[in-house]
Amino acid sequence: MMNAVFTPAYGPASVLELRRLPIPALGPREVLVRVEASAITAGDLRMRTGDFGRLSLLGRALMGLFGPRRPVQGRSFAGVVTRVGEDVDRFAIGDPVFGSSLSGGAWAEYVAVPEDGAVARRPDHITPAEAAAAPYGAGTAWSFLNDLARVQRGERVLVLGGAGGVGRFAIQVARHLGAHVTAVGSGPSLPLMRELGADEVLDYRETDFTAVGATWDVVFDTADASSFAHSRSVLTEQGRYVSLYASLGLILQMLRTRRRRGPRALFAVGTGSRERTERVAELLACGAIRSVVAAEFPFDRAADAHRHAEAGSDGAVVVYPAATRAPAVSLGRPLL
Ligand SMILES: NC(=O)c1ccc[n+]([C@@H]2O[C@H](COP(=O)([O-])OP(=O)(O)OC[C@H]3O[C@@H](n4cnc5c(N)ncnc54)[C@H](OP(=O)(O)O)[C@@H]3O)[C@@H](O)[C@H]2O)c1
């Protein structure tokens, strides 16, 4: 049996419970990971509250009507392989790994993931918390800026929500791709966005980016703070408005602008994959990107961890099974 953070119904952080559950069974092509850390992302918070935004009904139909179909949530993980299925040849017992469990289950002492899924070896100098904080934001930033928007060296990229879970990595990925980066966030997050490599920063509470007299090749909207129509006047002729947020309007604009000259609208649904996680591992290993971890909580304080993440912070919030940490480490950090 193992400890796991259980979400019995959609609701506030107080719905979360610590439960004893069976250790997941292992398929022939799966590896069992002893979890050392798992991040709480904006997507996880939506899964807990059942808030699927503009696609609310569809979201609940797919994810569960009154509570998550899979009550052990948590996708990103870092840990150590403790068992391997009989047909596994990519990993061995003892390998340090990290990645995303696409069906959840990472807020538990053990998670089973397909060996060919979104999992990769954890680079040596990266801590479990830093590794767990990377796949969601870094993987999304890489697919949206590199694969979808095809950012080129010398282009100008604007990141709306530069201090958020995706935005922190978007700044670094855009810089790595050779772009000039403007990041937009609220006042207290401006120093962090500069530290992460933004060439220029704007406080959205004081400045409308469409009114500063600049243009950009890519506007990456990670905050649902703009729209194609709103950004259009500041997009260059080859400009791309790229959003993390689905809407019927955006999809229609995407279809409409696909074959036309002039600025385009782009949207995709980023899903983790082996290739994407390996790319994130390479970017972490060479120092092109780094995670910012704001707070770490043991599983039995998962509700506090969720409240901390909901309050909006300047970094990732990570949960971990108490058994994986020596008290000196877990008690030595300010948790709230
Ligand atoms: N399509 C996909 O495949 C995909 C993939 C990953 C994530 N997502 C979705 O994308 C969303 C964002 O994810 P996230 O983890 O980055 O969220 P997050 O951590 O909540 O970050 C959002 C950031 O936006 C900032 N912000 C709020 N209003 C703003 C404004 N008007 N202008 C500029 N910045 C503003 C916030 O700053 P303050 O808190 O300081 O206001 C915050 O730092 C989530 O809803 C997630 O579900 C979609």
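The questions below go from the domains to the ligand, then to helices and single residues.

Trainee: What kind of model is this, and how are its residues numbered?
Mentor: This is a predicted model, in which local features need pLDDT of at least 70 and side-chain atom pairs count only at pLDDT 80 or more, while totals for chains, interfaces and linings use all residues. Residues are numbered along each chain as its sequence is written, starting from 1.

Trainee: How is the protein divided, and how many Å separate the centres of domain 1 and domain 2?
Mentor: The division is into domain 1 (2-134 + 291-331) and domain 2 (136-267), with bounds that come from an automatic or database domain assignment. Taken over C-alpha atoms, the separation of the two centres is 28 Å.

Trainee: How many residues of domain 1 and of domain 2 are in contact, and what classes does the side of domain 1 show?
Mentor: Contact here requires that the C-beta atoms of two residues, placed from the backbone, lie within 7 Å. On that basis 13 residues of domain 1 are in contact with ten residues of domain 2. For the classes, Ala, Val, Leu, Ile, Met, Phe, Trp, Tyr, Cys and Pro count as nonpolar, Asp, Glu, Lys and Arg as charged, and the others, Gly among them, as polar. The side of domain 1 that touches domain 2 then has six nonpolar, four polar and three charged residues.

Trainee: Which residues are closest to the ligand?
Mentor: A residue is near a molecule if its C-beta atom, placed from the backbone, lies within 6 Å of it. The ligand is surrounded by 24 residues, and the closest are Gly161, Gly164, Gly165, Ala223 and Ala225.

Trainee: Which helix gives the most to the shell around the ligand?
Mentor: Helices (H or I, at least four residues) and strands (E, at least two) are DSSP runs, numbered from the N terminus. Domain 1 and domain 2 each provide at least three residues of the shell, which by class has ten nonpolar, 13 polar and one charged residues. At least two residues each come from α1 (42-49) and β9 (180-185), and the element that gives the most, with three residues, is α1.

Trainee: Where do the buried residues of α1 lie around its axis, and what do they pack against?
Mentor: A residue is buried if 20 or more other C-beta atoms lie within 10 Å of its own, exposed if 12 or fewer, and partly exposed in between, with C-beta atoms placed from the backbone. In α1 the buried residues are Asp44, Met47 and Arg48. Their arc, taken from the directions from the helix axis to the C-beta atoms, is within 100 degrees, so they line one face of the helix. They pack against β3 (30-40), α2 (56-63) and α10 (302-310).

Trainee: Why is α5 (167-176) described as largely enclosed by the rest of the structure, and what do its buried residues pack against?
Mentor: Nine of the ten residues of α5 are buried, so the helix is largely enclosed by the rest of the structure. The buried residues include Phe169, Ile171 and His176, and the packing partners are α4, β8, β9, α6 (190-195), β11 and α9.

Trainee: Which residues of α9 (274-285) are buried, and what do they pack against?
Mentor: Arg276, Thr277, Val280, Ala281, Leu283 and Leu284 are the buried residues of α9. They cover an arc of only 165 degrees around the axis, which puts them on the same side of α9. Their packing partners are β5 (96-100), β7 (119-121), α4 (135-148) and α5.

Trainee: Is Ser100 buried or exposed, and which residues does it touch?
Mentor: Ser100 is in strand β5 and has 28 C-beta neighbours inside 10 Å, so it counts as buried. Its C-alpha atom is separated by 4.3 Å from that of Ser76, 24 residues apart along the chain. Leaving out residues up to four places away in sequence, Ser100 touches Arg75, Ser76, Ala118, Pro135, Tyr136, Gly272 and Thr277.

Trainee: What is the phi of Asp224, and where does Asp224 lie?
Mentor: Most residues other than glycine have a negative phi. Asp224 is partly exposed, with 14 other C-beta atoms within 10 Å, and lies in the loop between β11 (216-221) and α7 (228-231). Although Asp224 is not a glycine, its phi is positive, at about 55 degrees.
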